[in-house]
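Student: I have a model open on my screen and would like to learn how to read its features. Could you take me through some of them?

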Amino acid sequence: MSGKPILHYFNGRGRMESVRWLLAAAGVEFEERNFETAEQRENLIKSGKLMYQQVPMVEIDGMYLVQTRAILRYIASKYNLYGKDLKEQALIDMYVEGMRDLYDIIMLQPLCLPQDRKETLRVIAERANQRFLPVYEKALKDPGKNYLVGNQLSWADILLLEFILMVEECKPGILSAFPKLQEFKARISKLPRIQKFLQPGSQRKPPMDDQAVEEATKIFNLEKGLYVKHKGVILADF
């Protein structure tokens, strides 16, 4: 294996979207080999390349990397997006892991049953307002603080922008009470590589519509109502 990283997933956001964001922010071109059928996914499992028989999987530097956070940490370390020392890395990890619970709810929100969607969106907005966004607002309040950790861009900043945009899709205007996050969003969005990724025609994926949900349920053998039924337990192979 050599050349561009190759991303194995389906043609939707899911757990691979943060990987796309990070590679784009690092200026790394990548290829995507997206499943169109459950059979294609099963064939990749049978190949023995998936350590836990799950995707996302990224071919990079002669390795078959699985587990989303392991993939992200490798890319962040490789492209100088992981702080300057262990203390900064620990802070970056805390900020990133803090986003995960709400990120997963948002990711699975399209799989809710129609009667559960309103309540799920309410939970997302409530948790964002009360638990998550205040943490990042506070982290950015020091004068001259442009990034979450240290004085340079890290993968925590990149994932925070992704997180903010996803929350706004669920609750437009939610940043109105968070001026520092508004400034952060505007500033990071203007970085050339990220600005390019945000443009139409990039490899960034749109929110899942009904067709994408139908494709994902067939490829991954999922079921609608997944989040509500399992009380927030997220199935790892999606």
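Tutor: Let's start with Phe-220, which is buried at a relative accessible area of 2%. Buried means under 20% relative accessible area, exposed means over 50%, and partly exposed lies in between, with a 1.4 Å probe and protein chains only. This is a predicted model, where local features need pLDDT of at least 70, side-chain atom pairs count only at pLDDT 80 or more, and totals for chains, interfaces and linings use all residues. Residues are numbered from 1 along each chain as its sequence is written, and side-chain values use heavy atoms, leaving out hydrogens and water.

Student: How many aromatic pairs does the structure hold?

Tutor: Rings of Phe, Tyr and Trp (its six-membered ring) pair if their centres lie within 6.5 Å; planes under 30 degrees apart are stacked, over 60 edge-to-face, and the rest tilted. Here there are 8 aromatic pairs. In one of them, the ring centres of Phe-10 and Phe-220 are 5.5 Å apart with planes at 80°, so this pair is edge-to-face.

Student: Which parts does the pair of Phe-10 and Phe-220 tie together?

Tutor: Helices (H or I, at least four residues) and strands (E, at least two) are DSSP runs, numbered from the N terminus. Phe-10 sits in strand 1 (residues 6-10) and Phe-220 in helix 9, so the pair ties together parts 210 residues apart in sequence. Phe-10 is buried too, with a relative accessible area of 1%. Trp-21 and Phe-197 make another edge-to-face pair, 5.2 Å centre to centre with 70° between the planes. Trp-21 is buried at 2% relative accessibility, and Phe-197 is buried at 5%.

Student: Which residues form one aromatic cluster?

Tutor: Tyr-95, Phe-132, Tyr-136 and Phe-163 do.

Student: What should I look for in the backbone?

Tutor: Val-55 and Pro-56 are joined by a cis peptide bond, with omega about 15°. Pro-56 is in the loop between helix 2 (38-46) and strand 3 (57-60). Gln-53 lies in the loop between helix 2 and strand 3, and has a positive phi of about 60° although it is not a glycine. Asn-80 also has a positive phi, near 60°, and is a residue other than glycine; its place is the loop between helix 3 (68-78) and helix 4 (86-108).

Student: Is Asp-209 buried, partly exposed or exposed?

Tutor: Asp-209 is partly exposed, at 45% relative accessibility. Asp-209 is in the loop between helix 8 (192-197) and helix 9 (210-220).
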